[in-house]
Amino acid sequence: MDTNVEIGLRVNGEQATRRIEARMNLVDFLREELGLTGSHVGCEHGVCGACTVRVDGRIVRGCLMLAAQADGADVWTIEGLSDTGEIRDLQEAFVERNALQCGYCTPGMLLTCAELRERNPAASRQEIREFISGNYCRCTGYEAIVDAFEMARAREGGPS
Amino acid sequence: MKPAPFAYFRPESLEDAIGVLVEHGEDARVLAGGQSLMATLNMRLSAPAVLVDIGRVPGLAGIERVGGGLRIGAMTRHAEVEASDLIGSEAPLIASAMPHIAHPAVRNRGTFGGSIAFADPAAELPACAVALGARMTIAGKGGTRTVDADAFFRGLYETALEPGEVLTAVDVPGIGAGWRSGFMELARRHGDYAMIGLAAHVEMVDGRFGQGRLVFFGAGERPVSAVRSAALLEGESWSDALGARLADALKEELDPFEDLNADAAMRRHLAGILVQRTLGPLAAAA
């Protein structure tokens, strides 16, 4: 039986077509086939959130989705969202608030924060913590990340 | 780790999906949202030769009123269930369980039917299905059949689904007058699988409990309906003394497993805590 599959999808606004092993997950596809190494591989079983990417407008675990399942999808990674400037304010706030140290969780954390901003812009600190609870950070203790989310929001004129 | 190699099929009709599943029998697994299965594939706890992705099969997603209840399509994403007003009004037990299922990124892809069919003993939705008396619709080569939740969950990751079959929908009865739901779980970290959890669905008449179900998850190989303990509720109003009697009864009735998170004695103790924290406020809510 053929264990390969041909897929075509849009990644950061550009079409990508490849023939790959069906067992390849989405984050490995992005990193190894497309060279987009901003999405990180951590636990590989859906716990840590380092591989978080946006598929058809919603964040997903890049390790819990086959690249084959993303055939026809619209995928965005940290590289694309950095280029478009969509999350520039969040990125600046992360730097200013020291919301990262080693940076391993940061791309996933930023994508998660971007979705929270869209779904619940007035989130309380507790709600921010719950929403990012699927993204592990072993450096900051999360407090600075919550601060950064609030800082970016305050600069847009939202609640501080 | 990475999954072992497999052949990947993505049928675009239910008929084709069943055809592939029948052809490959025990070697094939259904891939729905993949939020549990992919993890087990990555860790090579499971290595099927064939994956049948039902993500493009039409008609499997969505929530609709059917008869007096709700029909939840197997491919309905957790995020959609969580946001559904119909679920909120007709199946409040499920609504209150949703935020406990993993994390937002997982709920964006994970599916209602996937969670039921995977039948993890510590998962929320199988317990809710048993507490509510849900009915599963299963499609196979010979047509469809229905199985009650009680009979559907057979053991550890084991269900009434046979090779060649697909869970297509779950029917949940509408909430009856006087019935109330409570849901609570205890986990080390938010979003982790629960050490133990409770899905309670009980009738209240004039401040007194009537019939009801107390279904625990993380307490055995499948959802555990504590029938003898629930019977203590009938005709009683809530009191601390009743809570204490229930906690004692649960210690007798439950026979939970042990793991690194909690031994059996701790799980029995936590079951009593859960029932007191859940039923007290549930009885007080007018």
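This briefing covers two protein chains, their folds and the contact between them.

The model is predicted: local features need pLDDT of at least 70, side-chain atom pairs count only at pLDDT 80 or more, and totals for chains, interfaces and linings use all residues. Residues are numbered from 1 along each chain as its sequence is written, while chains are lettered from A and ligands numbered from 1 in the order in which they are written. Chain A has six helices and five strands. Chain B has 12 helices and 14 strands. Helices (H or I, at least four residues) and strands (E, at least two) are DSSP runs, numbered from the N terminus.

**Overall dimensions**

- Chain B has 286 residues and a radius of gyration of 19 Å, in agreement with a globule value near 19 Å.
- The radius of gyration is taken over C-alpha atoms, and the globule rule is 2.2 Å times the number of residues to the power 0.38.
- Along the principal axes, the C-alpha atoms of chain A fill a box of roughly 55 × 30 × 25 Å.
- For chain B, the corresponding box is roughly 60 × 45 × 30 Å.

**Burial and contacts within each chain**

- Buried residues make up 49% of chain A and 50% of chain B.
- A residue is buried if 20 or more other C-beta atoms lie within 10 Å of its own, exposed if 12 or fewer, and partly exposed in between; C-beta atoms are placed from the backbone.
- In chain A, 57% of the contacts with a separation of 6 or more come from residues 24 or more positions apart.
- In chain B, 63% of contacts between residues at least 6 apart in sequence join residues at least 24 apart.
- A contact requires C-beta atoms, placed from the backbone, to lie within 7 Å.

**Interface between the chains**

- Contacts link 24 residues of chain B with 27 residues of chain A.
- On the chain B side, β1 (7-9), α2 (37-42) and α6 (104-107) each give two or more residues.
- That side of chain B holds 13 nonpolar, eight polar and three charged residues.
- Ala, Val, Leu, Ile, Met, Phe, Trp, Tyr, Cys and Pro count as nonpolar, Asp, Glu, Lys and Arg as charged, and the others, Gly among them, as polar.

**Chain A: sheet and helix**

- The elements of chain A run β-β-α-β-β-β-α-α-α-α-α from the N terminus on.
- Its five strands form an open sheet in the order β2-β1-β5-β3-β4, with mixed pairing.
- Strands pair if DSSP finds at least two bridges between them.
- β2 (14-21) and β4 (58-61) of chain A stand at the edges with a single partner strand each, so one side of each lacks a neighbour in the sheet.
- Neighbouring strands of this sheet are turned by 40° against each other on average, direction ignored.
- β3 (residues 52-55) and β5 (residues 74-76) of chain A pair in the antiparallel sense over two bridges.
- V55(A) stands opposite V75(A) in β5(A).
- Helix α4 (residues 106-119) of chain A lies across β3 and β4, running at about 45° to β3(A).
- Axes are lines fitted to C-alpha atoms, for helices over the stretch in contact, and angles run from 0 to 180 degrees between N-to-C directions.

**Chain B: antiparallel sheet**

- Five strands of chain B form an open sheet in the order β4-β5-β10-β6-β7, with antiparallel pairing.
- β4 (63-66) and β7 (143-148) of chain B are the edge strands, each with a single partner, so one side of each has no neighbour in the sheet.
- The twist averages 25° from one strand to the next.
- β5 (residues 69-73) and β10 (residues 166-172) of chain B pair over four bridges.
- I72(B) has V170(B) in β10(B) as its bridge partner.
- Helix α1 (residues 14-24) of chain B packs on the sheet, touching β6 (135-140) and β10, and its direction makes about 125° with that of β10(B).

**Chain B: around β3**

- V50(B) and V52(B) point one way from β3 (residues 50-53) and L51(B) and D53(B) the other way; all are buried.
- β1(B) pairs with β3(B) in the parallel sense over three bridges, and A7(B) has V50(B) as its bridge partner.
- β2 (residues 28-31) of chain B also pairs with β3(B) in the parallel sense, over four bridges.
- L31(B) stands opposite D53(B).

Notes: Contact = placed C-beta atoms within 7 Å.
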